[in-house]
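This report covers selected local features of a protein model.

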2 protein chains.
Amino acid sequence: MDTAYPQLTRYLEASDADGYLVDADGEDSDQYYLSGYHAPDDFVTLYADGTVSLLVSELEYTRAKDDSDADVVYKLSDFDYADRVDRLGPDRGRAETVAEFLADSGVESVAVPPAFPIGTGDALREFGIDVVTDRDSVVETTRAVKTETEIDHVAETQRANEAAMDAAAEMLERATIDGDTLYLDGEQLTSERVRRRIELTLLEHGCGMDDCIVASGASSARAHDSGYGPLDANVPITVDIFPRNKRTRYHADMTRTFVKGEPTERIREWYALTEEAYRAALDAIAPGVTGEAVHGAACEVYEEAGYPTLRTDESTEDGFFHSTGHGVGLDVHEAPSLSLGGGELAAGHVVTVEPGLYEQGTGGVRIEDLVVVTEDGYRNLTSYPTDFQIV
Amino acid sequence: MDTAYPQLTRYLEASDADGYLVDADGEDSDQYYLSGYHAPDDFVTLYADGTVSLLVSELEYTRAKDDSDADVVYKLSDFDYADRVDRLGPDRGRAETVAEFLADSGVESVAVPPAFPIGTGDALREFGIDVVTDRDSVVETTRAVKTETEIDHVAETQRANEAAMDAAAEMLERATIDGDTLYLDGEQLTSERVRRRIELTLLEHGCGMDDCIVASGASSARAHDSGYGPLDANVPITVDIFPRNKRTRYHADMTRTFVKGEPTERIREWYALTEEAYRAALDAIAPGVTGEAVHGAACEVYEEAGYPTLRTDESTEDGFFHSTGHGVGLDVHEAPSLSLGGGELAAGHVVTVEPGLYEQGTGGVRIEDLVVVTEDGYRNLTSYPTDFQIV
C-alpha cells in the first residue's frame, strides 16, 4: 500500500486543521488507503503530526495491531467507551470516545473527507472539536495517481476481465439462432447464464464481481441495466464487466458490444462512429490535458454526425448521454473524471475510455478500454479487439 | 420491498423536519429500502409529505423512472446542475442542486441518517437548509423488523449457506492427515481452497460473498481473520460464511467449528461451554427482552466457568471478547445488537446467536445460528447440526 501521508502533511500545513480523520469501514477506499487495514465494521483513522493512529473495537484490536499500516492502534476501551455508551447511548457515546481519542492526541481540529458521516461529525462538534470538510478530497486525489505496483494490480485484474470477456464471447459464438432467440446447449441463452459464466471465470482468476452488464436490445440503452432474461439475435448485446481482485482489491473495467446474427446498417454506423469517438478520446489523452477536453474530443465526433451529447443537451436520454470515462482503482468509480468539469490529467491516472451511442427503445453500442496516463500520452492496459464483435 | 414510510411519517411529525433525506449509492441499505432502487453511483432520496422523490444523474434517469419505487424521479439537469457546477465546482455545485430540489419540494429542513455525508450536509446548511442527524436511525430501526417475505429471503440465503458449509465439511472429511498438515487430492489443503469451494457453491445457489472465514489454529482467535495458507490438523478450524443473495440482496450468516483429527480435552471443554452459552442465549430470546439480557445469558455461562467476557473486562482479548449477535438483512451487520447496551427485541427481528471462546496464540471455537424473533420466542432459520464437527 502506498500512502497519502506526504500529501496529507502538505494539506494540513495549508489548512488550519491539526489532523485528518476518517470514520468508515474497511470497504471505504480512503480508509483502506490510509490505514492499510480492511475490516467489516467501522473504525477510525487519524493522521496527525506525521503519525497514523487507529481507533478500533476490542474485536478488531488483535488483528489491527498486526496487520494494519498504522503507527499506533488504540481500542475503544482505552477511552472509557463502555461508560460513555452507558451515559450517552451507543451513537453519541462512541462520538465522545472519538473526541477523547483526539484530545489525547492533542488534536482540536480535523479535516474530513466529504463522505465522512455527519452523525460523528456533528457530535464531535458538540464535544468541542472543529470539523471541516476537505472539499478537495485529498486522499481520493492522491489515490488517483497510481504507482507502478498499483498499475500492475489494475492490469492483472484486466487480464481476468479479458478471460471473462472471452468466455462470454465463446458462449455467443457457439449459440444458435431460432427466430429472434438465441439457444445454447439446448436451452435459451439468457443474460443470467452468460453472467454466471463470467463470474465463474473471474473467480478462477482470483477476482470477484458484485454484478455485470449483459444486456441486449432496448435494455442496452438503459445505463447500468444489468440485463435479464433471453438475449436477442441481430441486436446489440452490451457486455460490461468491472471486477475486483480479491487479493489486491484493485478493480478493472471493460465493455464490448456483440451482435449474434446480423446488425442493421444503422447499428453498424453507430459502432463505426463510436470507434471513431474512442480513437479521438484516446488521442487526446496526455498529462496536463483536462478530462473535459478528452470528453470533448469524443463528443465532437458524435455531434458532427448530428447526435446529441451532454454538451449539446444536458438532459438528453439518447445519443451519447454519459461521460467518456472515470478513474479506476480501489474503487471502480473514482477520480479523475473524463466529463464536463473534469480537471487536468496526470501521469499515473488510470481511466476508462468508454464512449457509446444509444437510443431509448432501440439499444446502444459502447466500447470501453482501461488506460494509464503516461508522461507522453497513455498506455492501454486492455488487450482485447475493439472491432464490432459480430459472431 | 416493504417500506419505512409510516414510521418516517410519525418520525417527521414528532421532529421539526419537513423531510427525510438520504444521499448515497444503492449499496446503502437505507437508500435501497426507501427508494427500491439500486445504482452504483450516488443519488438522493427524499421522503416528504407522504411522497418519495429521487434526484438522479441523467445516466440513471431512464432506469430509475421504470425500476424504482419512487413517486417522482427528477434528474440533476431539472435544477440547472451544469450551471451550478460551472460556478461552484462539482462538490458544492451538486449540493446547491440538491438544495434547489428541496426548495422546489417545499422542504426547508431535513432529518438525515447518521451516515449521511458531511460534505453534502454542511453545504446544504450553507444554502439555508436546516440539517439534523436522526440519532434513532429510524430507517435502520424499521428495516430491523422483517416481514414474512423478508424472513423468507434471509432463510433462502441461509439454505445456500448450509450447502456451502456442507461443501467445506466434505473437503475436511475427505482430507488426510500427515503430521500436522491436511492433504486433499494430493495437495495441501489451504484456507484458500476451501474458501473457493464455498464461493462456487454459493454461486450455484444464486448467492455471492465478498469474503468468508476459514481459519485454523491461532488465526481462529483473531476475529475477522479470513485465514490464509495450509490448514492444521487437531486444532479448531472456524468456518464463518455470510453470503448475500444476488437477486433479493438479503444476507445470511452461520459459523461452525471443525477439527480434523483429535481436539485436545481443553478445546472439547471450550466447545461444550460454547454450546451451553449458545443454548442459554437462545432460551433468553423473546420479544421485549433486551439484546443486553440475551448477551448476558451467554456471558454468564462463560463467567461461571472462570473465563473473561466483555462484561467482566471490556478490554479482554481472550475468553468471550465479542457480542452475542447482530441483526442480519440487507446489511450483514445491522440492528438490533445482542450486546452491552442492546435494546429490546421485537417479533420480526432477525439476529445471529454466536457465542465463542478464544485464547490468543491458541485459537477459538464458535457456533453461530440465525434466528427470527417470534411472538413467543424465536424460530431458528438454520438447519445444520450444532455439535462439534470432529471429522
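Is Cys299(A) buried or exposed? In this predicted model, Cys299(A) is buried, its relative accessible area being 0%.

| Residue | Relative accessibility | Class |
|---|---|---|
| Cys207(A) | 1% | buried |
| Cys299(A) | 0% | buried |
| Gly363(A) | 0% | buried |

**Cysteines**

A disulfide requires a pair of cysteine sulfur atoms within 2.5 Å. Over all chains, the count of disulfides is 0. Cys207(A) takes part in no disulfide, and the nearest cysteine sulfur, belonging to Cys212(A), lies 13 Å away.

**Surroundings of Gly363(A)**

Gly363(A) belongs to strand 19 of chain A, which spans residues 363–366. Leaving aside residues up to four places away in sequence, Gly363(A) touches Gly217(A), Ala218(A), Ser220(A), Ala221(A), Trp270(A), Leu357(A) and Tyr358(A). Between Gly363(A) and Arg268(A) the separation is 95 residues in sequence and 13 Å in space, taken from C-alpha to C-alpha.

**A helix pair in chain B**

Helix 4 (residues 81–104) of chain B packs against helix 5 (residues 118–126) of chain B at an angle of about 60°, and their axes are 9 Å apart. Helix 4 of chain B is therefore oblique to helix 5 of chain B. The crossing of helix 4 of chain B with helix 5 of chain B is right-handed. On the side of helix 4 of chain B, the contact involves Arg92(B), Arg94(B), Ala95(B), Val98(B), Ala99(B) and Leu102(B); helix 5 of chain B contributes Thr120(B), Ala123(B), Leu124(B) and Glu126(B). By class, this contact comprises 6 nonpolar, 1 polar and 3 charged residues.

Key: Residues are numbered from 1 along each chain as its sequence is written. Chains are lettered from A and ligands numbered from 1 in the order in which they are written. This is a predicted model: local features need pLDDT of at least 70, side-chain atom pairs count only at pLDDT 80 or more; totals for chains, interfaces and linings use all residues. Side-chain values use heavy atoms; hydrogens and water are left out. Buried means under 20% relative accessible area, exposed over 50%, partly exposed in between (1.4 Å probe, protein chains only). Axes are lines fitted to C-alpha atoms, for helices over the stretch in contact, and angles run from 0 to 180 degrees between N-to-C directions. Helices (H or I, at least four residues) and strands (E, at least two) are DSSP runs, numbered from the N terminus. Angles under 35 degrees count as roughly parallel, over 145 as roughly antiparallel, 65 to 115 as roughly perpendicular and the rest as oblique. A crossing is left-handed if the near helix is turned anticlockwise from the far one by less than a right angle, and right-handed if clockwise. Contact means heavy atoms within 4.5 Å. Ala, Val, Leu, Ile, Met, Phe, Trp, Tyr, Cys and Pro count as nonpolar, Asp, Glu, Lys and Arg as charged, and the others, Gly among them, as polar.
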